[in-house]
Amino acid sequence: MPNRDSAPTKPLHASRPVAATSTKGALLEETPAIQANNVSAWFGDHKVLDRVSLVMPKGKVTALIGPSGCGKSTFLRTLNRMHELVPGAQFSGEVLLDGHDIYEPSRRITDARRNIGMVFQKPNPFPAMSIEDNVLSGLALTGQRVDKSTKEAIVEECLTKAGLWKEVKDRLEQPGGGLSGGQQQRMCIARSLAVKPRVLLMDEPCSALDPTSTRRIEETIVELASEVTIVIVTHNMQQAARVSDKTAFFLAEQGTPGGIVEYGPTNQMFEFPKDERTLAYVNGRFG
Ligand SMILES: Nc1ncnc2c1ncn2[C@@H]1O[C@H](COP(=O)(O)OP(=O)(O)O)[C@@H](O)[C@H]1O
Ligand SMILES: [Mg+2]
């Protein structure tokens, strides 16, 4: 088992709220909703992330970009303790959710998962289950008991937020598997929202979808951001530019574990990156 990194270096990004320029140009204090400090991760002996530190501000969309295999998905899975489900997987570091480390021994793994939801690359509904039961399925898993009218309200609220309500409101009893891929993904977003997460992690949520569904999900992401902090992995540079406020560029250089090369406001990362590797990547010269 790998040792926890002994002398941790200073996080790349300040652990205090940092003053930053919003997309509108105003100076504002940004409170981190979720913050990784010196996160390292291994699969067996293979170290795939080395002391990654990142502040993901509250109510904003943070995009994680970088070539395949650089550790973006692994990093995302360390943020809600899914990484440790992989046999042989190891972790060191801290992940602070509103200032508290989700890895503290006194903290329950189920709390981390409820507060920090996840949407995957391919929609993963329960295909035979009705649309409404799909949306409510997370509540059952977290042991919350709610009456019928509350359930109906939750279904409507979450499907509305996920941008699917109008399309399915007359067929809530029909199986979720009957929806199109894009609709299934929005149903999965609604399911994640039902447990009222504070953070939503999305791992290439549009990569299996057609352009129209992709646009619809992007609109949903932008609409949701004010109430749930979003961290999204995407291979699509235009998508990162369209939906995110902040961007972190990950890279694993030959034979070394992945890390963040550069982080900043999305427009700056795309228009005036400071690092030549970021410039090459955002211009499509590799990866
Ligand atoms: N379940 C796993 N078991 C072993 N190695 C894995 C597993 N998942 C990912 N890896 C390895 O970890 C590294 C980072 O992978 P990943 O986080 O999926 O990168 P990305 O999402 O940026 O493409 C890669 O070298 C990959 O092969
Ligand atoms: Mg990935």
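Reader: Which residues make up the shell around ligand 1?

Author: Ligand 1 is surrounded by F43, V48, G66, S68, G69, C70, G71, K72, S73, T74 and V86, a residue being near a molecule if its C-beta atom, placed from the backbone, lies within 6 Å of it. This is a predicted model, in which local features need pLDDT of at least 70 and side-chain atom pairs count only at pLDDT 80 or more, while totals for chains, interfaces and linings use all residues. Residues are numbered from 1 along each chain as its sequence is written, with chains lettered from A and ligands numbered from 1 in the order in which they are written.

Reader: Which helix gives the most to that shell around ligand 1, and how do its residues divide by type?

Author: Helix 1, residues 72-78, gives the most, with three residues; helices here are DSSP runs of H or I with at least four residues, and strands are runs of E with at least two, both numbered from the N terminus. The shell divides into four nonpolar, six polar and one charged residue, where Ala, Val, Leu, Ile, Met, Phe, Trp, Tyr, Cys and Pro count as nonpolar, Asp, Glu, Lys and Arg as charged, and the others, Gly among them, as polar.

Reader: Why are strand 8 and strand 12 said to stand at the edges of their sheet?

Author: The open sheet has six strands in the order 8-9-10-5-11-12, with mixed pairing. Strand 8 (116-119) and strand 12 (259-265) each have a single partner strand, so one side of each is left without a neighbour in the sheet. Neighbouring strands of this sheet are turned by 20° against each other on average, direction ignored.

Reader: Why does R81 count as buried, and why is D275 called partly exposed?

Author: A residue is buried if 20 or more other C-beta atoms, placed from the backbone, lie within 10 Å of its own, exposed if 12 or fewer, and partly exposed in between. R81 has 20 such neighbours, so R81 counts as buried. D275 has 13, which falls in between, and D275 is therefore partly exposed. D275 lies in the loop between helix 9 (266-271) and helix 10 (276-282), and, leaving aside its neighbours within four places in sequence, D275 is in contact with V261 and E262.

Reader: Is G59 buried or partly exposed, and which residues does G59 contact?

Author: G59, in the loop between strand 4 (46-57) and strand 5 (61-65), has 15 C-beta neighbours inside 10 Å and therefore counts as partly exposed. Leaving aside neighbours within four places in sequence, G59 is in contact with A225, S226 and T229. G59 and A225 are 166 residues apart in sequence, yet their C-alpha atoms are 5.3 Å apart.

Reader: What makes the phi of R81 and of E204 worth noting?

Author: Most residues other than glycine have a negative phi. R81 has a positive phi of about 65° although it is not a glycine, and E204, also not a glycine, has a positive phi of about 45°. R81 lies in the loop between helix 1 and strand 6 (89-97), whereas E204 lies in the loop between strand 9 and helix 7 (211-224). With 21 C-beta neighbours inside 10 Å, E204 counts as buried.

Key
Two strands pair if DSSP finds at least two bridges between them. Axes are lines fitted to C-alpha atoms, for helices over the stretch in contact, and angles run from 0 to 180 degrees between N-to-C directions. Two residues are in contact if their C-beta atoms, placed from the backbone, lie within 7 Å.
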